[in-house]
Amino acid sequence: MPHYYSYNDYLQKKFGCRVYKVSIDAGFSCPNRDGTKGVHGCIFCDERGSSSRTQALSESVTSQIVNNINIRRSRYGAKKFIAYFQSFTNTYAQAAHLKNLYDEAIAAHPDIVGLAISTRADCVDREKLELIAAYRSQVPYVCVEYGLQTIHDHTLKHINRQETHEDFVKAIQMTQELGLDHCAHVILGLPNETHQEMIETAKWIAENKIQGVKIHFLVAMEHTRLAQHYLSGTWKPLSMDEAVSVSCDFLEHLSPECIIYRVGGNGHPQHAIAPQWVWQKKREFSQALDQEFIRRQTRQGSKMVIFS
Ligand code: SF4
């Protein structure tokens with residue numbers, strides 16, 4: 001029996017087959033890089049802003065989608081796809097420009113069954129969310145993914161996020177009011193964050209009925225300030241054992257219905273500095289997580305606090 005409710009299981013149940021995300025880089029920037037809120041970005045953000053920048057920016061949205069679909073079809077026999085605006089901040093433009101890009105993505109291939117948009121909470125408003133929600137008349141799955149990272153403002157400040165937890169709360173309330181699928185990205189192992197604080201984030205997610213969570217471990221990429229902290233010894237990444245233990249604790253405090261998009265590292269291994277186990281021991285990590293749940297005789301939601 002699986003110990004947590006995976007995104008693949010959710011999609012399989014919804015569509016009756018395995019559904020693959022195809023990443024799109026639509027050339028967006030980020031207010032924490034273009035000077036609107038800051039120029040240095042989050043301390044872990046590499047210069048390209050996201051690990052997903054695998055496509056040349058000169059490629060159109062349509063061509064990125066079609067090329068990605070062709071690869072997944074030939075490699076995995078994939079049949080259905082979600083167009084995933086992943087790189088940088090994918091609502092950071094006027095609504096009319098967003099509409100052009102999202103329209104193009106939906107129309108790029110007949111086997112697109114969903115639209116997923118990754119963004120910062122401070123870069124949405126009702127107009128943009130209503131625009132996104134309207135795509136539910138064209139595809140059965142429309143999801144907004146927000147970088148929450150943590151509920152603790154002192155950590156957000158430390159990692160130079162240039163947004164607050166209140167920004168996330170406002171965005172998620174609007175998103176939930178519109179009934180949109182949604183997911184929060186969290187990071188475990190952030191500097192100066194205690195184990196208790198990580199678990200408080202899990203409890204908050206459960207209490208506020210966040211539909212899905214993507215759990216990352218903090219990774220130092222080349223040319224980032226986090227890499228400098230790592231090299232100077234002022235930040236120590238989670239070991240694999242620590243990551244197994246804290247992931248288990250985190251998942252136990254979530255609701256059993258919360259969809260787990262992923263538990264793992266982030267970034268391209270070629271540009272990553274530490275921790276190396278995230279890429280070198282992917283399978284071992286996943287097996288160790290299962291073993292830890294078996295040892296504890298728990299699963300996702302086992303320690304969830306029931307809110308009245
Ligand atoms: S919000 Fe995302 S893209 Fe912007 S600086 Fe932070 S990690 Fe980079």
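Lys157 is located in helix H5 (residues 153–158), where helices are DSSP runs of H or I of at least four residues and strands are DSSP runs of E of at least two, both numbered from the N terminus. The structure is a predicted model, in which local features need pLDDT of at least 70 and side-chain atom pairs count only at pLDDT 80 or more, whereas totals for chains, interfaces and linings use all residues. Residues are numbered from 1 along each chain as its sequence is written, and side-chain values use heavy atoms, with hydrogens and water left out. Lys157 is exposed, with a relative accessible area of 71%; the classes are set with a 1.4 Å probe on protein chains only, buried meaning under 20% relative accessible area, exposed over 50% and partly exposed in between. Although Lys157 and Cys42 are 115 residues apart along the chain, their C-alpha atoms are separated by 9.4 Å.

Two further residues are described in the same terms. Ile117 belongs to strand S3 (residues 112–119) and is buried, with a relative accessible area of 0%; its C-alpha atom lies 21 Å from that of Asn70, a residue 47 positions away in sequence. Ala105, in helix H3 (residues 95–107), is likewise buried, its relative accessible area being 0%, and between the C-alpha atoms of Ala105 and Tyr84, which are 21 residues apart along the chain, the separation is 8.8 Å.

Helix H9 (residues 240–253) comprises 14 residues, which at 1.5 Å a residue should span 20 Å, and this agrees with the 20 Å between its end C-alpha atoms; the expected span is 1.5 Å times one less than the number of residues. H9 is mostly covered, since 11 of its 14 residues are buried, among them Met240, Val244, Cys248, Phe250 and His253.

The cysteines were examined for disulfides, a disulfide being a pair of cysteine sulfur atoms within 2.5 Å, and a search of the whole structure finds 0 of them. For Cys183, the closest cysteine sulfur is that of Cys143, at 5.8 Å, which is too far for a bond, and Cys183 is buried, with a relative accessible area of 0%. For Cys258, the closest cysteine sulfur is in Cys183, at a distance of 8.0 Å that is again too far for a bond; Cys258 is buried as well, with a relative accessible area of 3%.

Rolling a probe the size of a water molecule over the atoms shows where empty space is left. On a 1 Å grid over the protein atoms alone, a cavity is a set of points where a 1.4 Å probe fits but cannot get out, a pocket is an open set with protein on both sides within 12 Å along at least five of seven lines, and lining residues have an atom within 4 Å of a point. Grid points are joined across faces, edges and corners, and a volume is the space filled by probe spheres set on the points.

The largest pocket holds about 1,700 Å³ of space and is lined by 45 residues, of which Asn8, Arg18, Tyr261, Arg262 and Lys282 lie nearest its centre. Elements that give two or more residues to this lining include helix H1 (7–15), strand S1 (19–24), strand S8 (259–264) and helix H11 (282–296), and H11 supplies the largest share, 6 residues. By class, the lining has 19 nonpolar, 16 polar and 10 charged residues, where Ala, Val, Leu, Ile, Met, Phe, Trp, Tyr, Cys and Pro count as nonpolar, Asp, Glu, Lys and Arg as charged, and the others, Gly among them, as polar.

The second largest pocket has a volume of about 160 Å³, and the residues that line it include Ile205, Lys209, Glu257, Cys258 and Met304; its lining is made up of 6 nonpolar, 2 polar and 2 charged residues. The count of cavities of 30 Å³ or more comes to 2. In the second largest cavity there is about 30 Å³ of space, with Gly147, Leu156, Glu163 and Phe168 among the lining residues, and strand S4 (141–149) and helix H6 (165–177) each supply at least two residues of that lining, which divides into 3 nonpolar, 4 polar and 1 charged.

Around the ligand there are 10 residues, of which Cys30, Gly41, Cys42, Cys45 and Arg120 come nearest, a residue being near a molecule or strand if one of its heavy atoms lies within 4 Å of it. The residues of this shell divide into 4 nonpolar, 3 polar and 3 charged.
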